[in-house]
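Me: I've got a model to go through with you. Can we start with the pocket, then move to the core and the rings?

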Amino acid sequence: MPMRLGTERPEIVGATDWFAEDKLPADLTGKVVLVHFWAVSCHICHETMPDLIKYRDQYKEHGLQLIGVHQPRYEADSDLNKIQEDVTKYGIDHPLAVDNEQKVAEAYQNEYVPAFYLFGKDGKLFFRTAGDKGFEKLQPKIEQALGLA
């Protein structure tokens, strides 16, 4: 059952590793938080990553906090060297949890990559979507959540 709109943002606990920043910002109160699930073996994840990074940079000063969650689809996805290659390739410098035990995915009731969970300033789920078609709907929702629309 997918997470419902209006649900409180679950804590990100159970990560087996962290990349980029070694932990989350201590206080996410009042921030619009975008939690992005992806995997190194996911073609669509690679296609959407440059635009996602663009949104991260474009909306950071408006209060957007991007948090990545690497959710492996296959055993080979849990290779930290492969994840590091993508971190370098795409310039991922936001917090990135490695979810090799699927604990974060469980908390978010997520089974897809890429998947996007957008939480408003109130900490509640504002919008969620998955895949490339869903990604196309993300930017207007980010602007709406930030009060820029």
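Me: What's the class make-up of the lining of the largest pocket?
Reply: Seven nonpolar, three polar and two charged residues. Nonpolar here covers Ala, Val, Leu, Ile, Met, Phe, Trp, Tyr, Cys and Pro; charged is Asp, Glu, Lys and Arg; the others, Gly among them, are polar. Before going on: this is a predicted model, where local features need pLDDT of at least 70, side-chain atom pairs count only at pLDDT 80 or more, and totals for chains, interfaces and linings use all residues. Residues are numbered from 1 along each chain as its sequence is written, and side-chain values use heavy atoms, with hydrogens and water left out.

Me: How is a pocket defined?
Reply: On a 1 Å grid over the protein atoms alone, it is an open set of points where a 1.4 Å probe fits, with protein on both sides within 12 Å along at least five of seven lines. Lining residues have an atom within 4 Å of a point.

Me: Which lining residues lie nearest the centre of the largest pocket?
Reply: Pro2, Tyr112, Tyr117, Arg128 and Ala130, out of twelve lining residues. Strands β5 (115-119) and β6 (125-130) each give two or more residues to that lining. Strands are DSSP E runs of at least two residues, helices H or I runs of at least four, numbered from the N terminus.

Me: And what's its volume?
Reply: About 200 Å³ for the largest pocket. That is the space filled by probe spheres set on the grid points, which are joined across faces, edges and corners.

Me: Core next. How many residues are in the largest nonpolar core?
Reply: 47. Those with the most contacts inside it include Ile12, Val35, Phe37 and Tyr108. A nonpolar core is a set of buried Ala, Val, Leu, Ile, Met, Phe, Trp, Tyr and Cys residues joined through side-chain atoms within 4.5 Å. Buried means under 20% relative accessible area, with a 1.4 Å probe and protein chains only.

Me: What does Val35 touch?
Reply: Ile12, Ile67, Val69, Tyr108, Ala115, Phe116, Tyr117 and Phe119, not counting residues up to four places away in sequence. Contact means heavy atoms within 4.5 Å.

Me: What about His36, buried or exposed?
Reply: Buried, with a relative accessible area of 1%. His36 sits in strand β2 (residues 32-38). Its contacts beyond four places in sequence include Met49, Leu52, Leu66 and Phe116.

Me: Where is Leu66?
Reply: In strand β3 (residues 64-70). Leu66 is buried at 3% relative accessible area.

Me: Switching to rings. How many aromatic pairs are there?
Reply: Seven across the whole structure. Phe37 and Tyr108 make an edge-to-face pair, 5.6 Å centre to centre with 65° between the planes. Phe, Tyr and Trp rings (six-membered ring for Trp) pair if their centres lie within 6.5 Å; planes under 30 degrees apart are stacked, over 60 edge-to-face, the rest tilted.

Me: Why does the pair of Phe37 and Tyr108 tie together parts apart in sequence?
Reply: Phe37 is in strand β2 and Tyr108 in the loop between α3 (103-107) and β5, so the pair ties parts 71 residues apart in sequence. Both Phe37 and Tyr108 are buried.

Me: What about Phe116 and Phe135, what kind of pair?
Reply: Tilted: 5.3 Å centre to centre, 45° between the planes. Phe116 is in strand β5 and Phe135 in helix α4 (residues 131-135), 19 residues apart.

Key
Buried < 20%, exposed > 50% of the residue type's maximum accessible area, 1.4 Å probe, protein only.
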